[in-house]
Amino acid sequence: MKLSILGCYSATPRTLNNTTSQVLEINNHMFLIDCGEGTQVQLRKHKIKFNRIKHIFISHLHGDHFFGLVGLISTFRLLTRETDLHIYGPKGIKEIVVLQMKLADSWTNYNLYFHELTSKESELIYEDDKVEVHTIPLNHRIYTNGYLFKEKEGLRKLQMHAVEDANINVAYYRKLTQGFDVENEDGVLIKNESVTKSGVKPKSYAFCSDTMYKEDIVPIIKNADVLYHESTFLEEHAHLAVRTKHSTAKEAASIAKQANIETLILGHYSTRYGGIEAFKNEAEEVFEKVELAEDGKTFDFN
Ligand SMILES: [Zn+2]
């Protein structure tokens, strides 16, 4: 699992700061999460192949999270993309995109699918044999979802000595890796756990931006390996966090602690502060393993 931060600042793009966008590489998928202005330039800088992006997840319709979307869709067309593109986001996202394309008389030559979200409960919105994506309902000024990306349990590992001792026919090895009990050559049922071990631990990533402090999300993201949680403000501006429905670094850390997260990544910083180190310091008072998102930074979680 690998996370590339294309942009992680709030409000407006600046000379050195981009608005929210990131790419999560998980089980051969390249999921684009939010698409702030300038995302396609950042994708090029990261040498991410446009064609590998088949799913885009938009948290909410504030401009700093999706103003790059129409440009990206248009560029895909100019590059003569043929691969389907799926866009997940709040109801209204289709209307916004289609209106711009309609007035420009500019249509895609690939299939564009919109999956509009309205639920206030967490729901499963994407699934294949290796990965699941669930929404994380957040509390912001407009309808907003975070997203939880989860690898499914992989194949179990055979313990060869035990398998051979149990006298199991080779033809059943695959069933064993899939977790089934099987009969051995003597017709005795062999319990799967007695001859296999669990495979590689499945990884999970929770993206939560934008939101004010919301404890309700803790059960949804419980035990995730990595949590990206917005921290627009420091505690000294907690009153602004409440007013604008954002979080402080300390609040993000508190969520990470309650949810038993392994690594917390902070982002969506207000540009009012001189630097971002203070966010880390503040969060570390509550939670141990804190990382700072920075534009252009890549996190490898394998
Ligand atoms: Zn917002």
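A residue counts as buried when its relative accessible area is under 20%, as exposed over 50% and as partly exposed in between, using a 1.4 Å probe and protein chains only. By that rule Asp210 is buried, with a relative accessible area of 2%. Welcome to a predicted model, in which local features need pLDDT of at least 70, side-chain atom pairs count only at pLDDT 80 or more, and totals for chains, interfaces and linings use all residues. Residues are numbered from 1 along each chain as its sequence is written, and side-chain values use heavy atoms, with hydrogens and water left out.

**Zinc site**

- His60 (NE2), His62 (ND1), His140 (NE2) and Asp210 (OD) coordinate the zinc ion at 2.2 to 2.4 Å; donors are N, O and S atoms within 2.8 Å of the metal (3.2 Å for Na, K and Ca), and sites may look incomplete because water is not among the atoms.
- Along the sequence, the donor residues follow the spacing H-x1-H-x77-H-x69-D.
- His60 sits in the loop between strand S4 (53-57) and helix H2 (69-78), while Asp210, 150 residues apart from it, sits in the loop between strand S14 (204-208) and helix H6 (218-221).
- Like Asp210, His60 is buried, with a relative accessible area of 0%.

**Helix packing**

- Helix H8 (residues 249-258) packs against helix H9 (residues 277-284) at an angle of about 45°, and their axes are 8 Å apart; the axes are lines fitted to C-alpha atoms over the stretch in contact, with angles from 0 to 180 degrees between N-to-C directions.
- Contact, meaning heavy atoms within 4.5 Å, involves Ala249, Lys250 and Ala253 of H8 and Phe279, Glu282 and Ala283 of H9.

How values were computed:
Helix = DSSP H or I, 4+ residues; strand = E, 2+ residues; numbered from the N terminus.
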